[in-house]
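Biologist: I would like to learn how to read a structure like this one with care. Could we go through it feature by feature?

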Amino acid sequence: MSPAFGKCHDPSGAKYGIPTFPWRFAPDGYATRRQLRARGLRPGGQEIAGQVMRRSSRRRGGVAVAFLYRVDAAKPVRAMTPAKWAALAKAMCARRTCPKCRTDAGYCIPTSLGMCVTCAYPDTESAA
């Protein structure tokens, strides 16, 4: 067993307080939030049941962690209501509307520009 594997293997939870497994070695019955969502489930208020760890040079402390939840205790994802759909459509419309020319750009306005590309660069001719 490699040293990196050994540091992340703590199924009893003695070292980190919760069961810890190496990346991709979590036992059956556990899933991350993304894995639950792909199955149409959500954690549903349950406590974190474990974690998977791996070395990462990009993360502070040199370790990337993903929390695990029990699949048998997960609940189905709540369905979107008509009011939520309407609110989402309104928010997306606001993201597409240019504050300068007040037109729908057809894409989300870049936050770096704060306006549509046509308003940000009026001198540049579009190649079409």
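Biologist: How many salt bridges does the structure hold?

Modeller: This is a predicted model, where local features need pLDDT of at least 70 and side-chain atom pairs count only at pLDDT 80 or more, while totals for chains, interfaces and linings use all residues. Residues are numbered from 1 along each chain as its sequence is written, and side-chain values use heavy atoms, leaving out hydrogens and water. A salt bridge is a side-chain nitrogen of Lys or Arg within 4 Å of a carboxyl oxygen of Asp or Glu, and the structure holds two.

Biologist: Is Asp-72 buried or exposed?

Modeller: Buried means under 20% relative accessible area, exposed over 50%, and partly exposed in between (1.4 Å probe, protein chains only). Asp-72 counts as exposed because its relative accessibility is 64%, whereas Arg-70 is partly exposed, with a relative accessible area of 39%.

Biologist: In what order do the strands of the open sheet stand?

Modeller: Strands of a sheet pair through backbone hydrogen bonds, either parallel or antiparallel. Strands here are DSSP runs (E, at least two residues), numbered from the N terminus, and two strands pair if DSSP finds at least two bridges between them. Four strands form the open sheet in the order β1-β4-β5-β2, with mixed pairing. β1 (20-22) and β2 (30-31) stand at the edges with a single partner strand each, so one side of each is left without a neighbour in the sheet. β4 and β5 (residues 63-70) pair in the antiparallel sense over six bridges, and Arg-54 stands opposite Ala-64 in β5.
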